[in-house]
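Here is a walk through one protein chain, going from the overall fold down to single side chains. Have the structure open and follow along.

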Amino acid sequence: MAPLELVGDRFAILPIRMPEVPSYPKSAIHEIRVRRNAPQTPTEHDDRSLFLKNIPTDSTEPHIRAVFTSLVGAGRFEGIVFDDETAAALPIDPAHATKVAGFARKRKRTDVDAEDRERQIEAAQLPQIWTRRLYTSSGTAVVLFADEKSVQLVLKAIAKLQKTNKYPVWGEGLADHVPPLGAPWISSHLQLCRGDKADTQSAVHAFFNVFNNKEKEAVEMARRLRNEPDDDGFVTVTRGGRATPASRAEAEEAKQRMVDRQAKKKSELKDFYRFQLRERRKLEQAALLRRFEADKRKVEVMREKRGKFKPER
């Protein structure tokens, strides 16, 4: 295999030896791309986390833990978050986010309310119907380590793998910590799909309770933001049944439309009267005469210089 390479000067290659299976009785090498985690929105744990790309489709936390344990020893791996487990944050206006945070601080919430909300969210979760999840090809994940030194040790260990060719074996040392795939996996799925009706109905009711509470909070927050003045001290007034405040982009578009209307109106009023037309024509003629006289003087100066020119002999 080729020496350690960098993909786009950012990713290092972590080779994993895949063991033989009945469907493919040959050992293969799977390459995981590894680099330091640098999300668009920085967090406090970025210095001690790594971003993984092209993880195996049957990845689990015990699998990844075993791989890094074989590289740097036990006690350094802390956890992993797969790509489909991260909540996608909607792009928001920073000024809008500041106002929301201010309202959240003003609102008094006791610990009892927070615990009650956590219990509602937990009760709204439907029962799991798969004992083990499979991921799509080229999936990603973020691995969290104990400290920044552990990240440096992992990167150094990956660099040494090419010299030793002792690649971590996928699934080695897991014992019975991971549910099996294949026929037992499908059989358990079919059994879990037939969940208890009362438990399922209770989870659905809890979900809608949480949803309705969030809708009420969103309406209350929108009502407060509608009365919040902007940096210039103005309050945006909207017509109709708008439920949320105007975004900054919409405000900029409205402002640009107003400027365009004023410019168009000004251009239409220009030269509206006959005396304005006469004045404009006089100004244009005067400007033409000034340019003509300037060009005429330039020509005379050039002619004088040409008459005084005497070539050398």
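A contact here means heavy atoms within 4.5 Å. With that in hand, take contacts in the protein chain between residues at least 6 apart in sequence: 68% of these join residues at least 24 apart.

Before going further, some ground rules. This is a predicted model, where local features need pLDDT of at least 70, side-chain atom pairs count only at pLDDT 80 or more, and totals for chains, interfaces and linings use all residues. Residues are numbered from 1 along each chain as its sequence is written, and side-chain values use heavy atoms, with hydrogens and water left out.

## The overall picture

The secondary structure of the protein chain comes to 8 helices and 6 strands. Helices (H or I, at least four residues) and strands (E, at least two) are DSSP runs, numbered from the N terminus. Read from the N terminus on, the elements go β-β-β-β-α-β-α-α-β-α-α-α-α-α.

How much of the chain is buried? Of the 313 residues of the protein chain, 21% count as buried. Buried means under 20% relative accessible area, exposed means over 50%, and partly exposed is in between (1.4 Å probe, protein chains only). The accessible surface of the protein chain comes to about 24200 Å², and 55% of that belongs to carbon and sulfur atoms. Accessible areas come from the Shrake-Rupley method with a 1.4 Å probe; for residues, only the protein chains shown count as cover.

## Strand S4 and its neighbours

Have a look at strand S4 (residues 49-55), which is mostly covered: 6 of its 7 residues are buried. Two strands pair if DSSP finds at least two bridges between them. Strand S3 (residues 28-36) runs antiparallel to S4 and is joined to S4 by 4 bridges. Within that pairing, Arg 33 has Lys 53 in S4 as its bridge partner. S4 also pairs with strand S6 (residues 139-145), in the antiparallel sense over 6 bridges. There, the bridge partner of Leu 50 is Val 143 in S6.

## Salt bridges

A salt bridge is a side-chain nitrogen of Lys or Arg within 4 Å of a carboxyl oxygen of Asp or Glu. By this rule the count comes to 5 salt bridges. The table includes three of them.

| Pair | N to O distance |
|---|---|
| Glu 78 and Arg 48 | 3.1 Å |
| Arg 132 and Asp 58 | 3.7 Å |
| Glu 284 and Arg 280 | 2.9 Å |

Start with the salt bridge between Glu 78 and Arg 48. This pair links distant parts of the chain, 30 residues apart: Glu 78 is in strand S5 (residues 77-82), and Arg 48 is in the loop between S3 and S4. Glu 78 is partly exposed at 42% relative accessibility, while Arg 48 counts as buried at 16%.

Next comes the salt bridge between Arg 132 and Asp 58. Arg 132 lies in the loop between H3 and S6 and Asp 58 in the loop between S4 and helix H1 (61-72), so the pair ties together parts that are 74 residues apart in sequence. Arg 132 counts as buried, at 8% relative accessibility. Asp 58 counts as buried too, at 18%.

Why are Glu 284 and Arg 280 separated by about one helical turn? Because they are 4 residues apart in helix H8 (residues 274-307). An α-helix has 3.6 residues a turn, so residues three or four places apart point the same way. Glu 284 is partly exposed, with a relative accessible area of 43%, and Arg 280 is partly exposed at 30%.

Which residues are buried in helix H5 (residues 183-192)? They are Trp 185, Ser 188 and His 189. Seen down the axis of H5, its buried residues fall within an arc of 105°, so they line one face of the helix. The arc is that of the directions from the helix axis to the C-beta atoms. On the face of H5 turned away from the buried side you'll find the exposed residues Ala 183 and Gln 191.

Val 204 lies in helix H6 (residues 197-226) and is partly exposed, with a relative accessible area of 33%. Val 204 belongs to a nonpolar surface patch with Leu 126, Phe 207, Phe 208 and Phe 211, and together these have about 470 Å² of accessible area. Patches are made of residues with over 30% relative accessible area and no salt bridge; like charges are joined within 9 Å, and nonpolar side chains (Val, Leu, Ile, Met, Phe, Trp, Tyr) within 5 Å.

Lastly, Arg 119 is found in helix H3 (residues 111-123) and counts as partly exposed at 48% relative accessibility. The C-alpha atoms of Arg 119 and Ala 206 are separated by 9.6 Å, with the two residues 87 apart along the chain.
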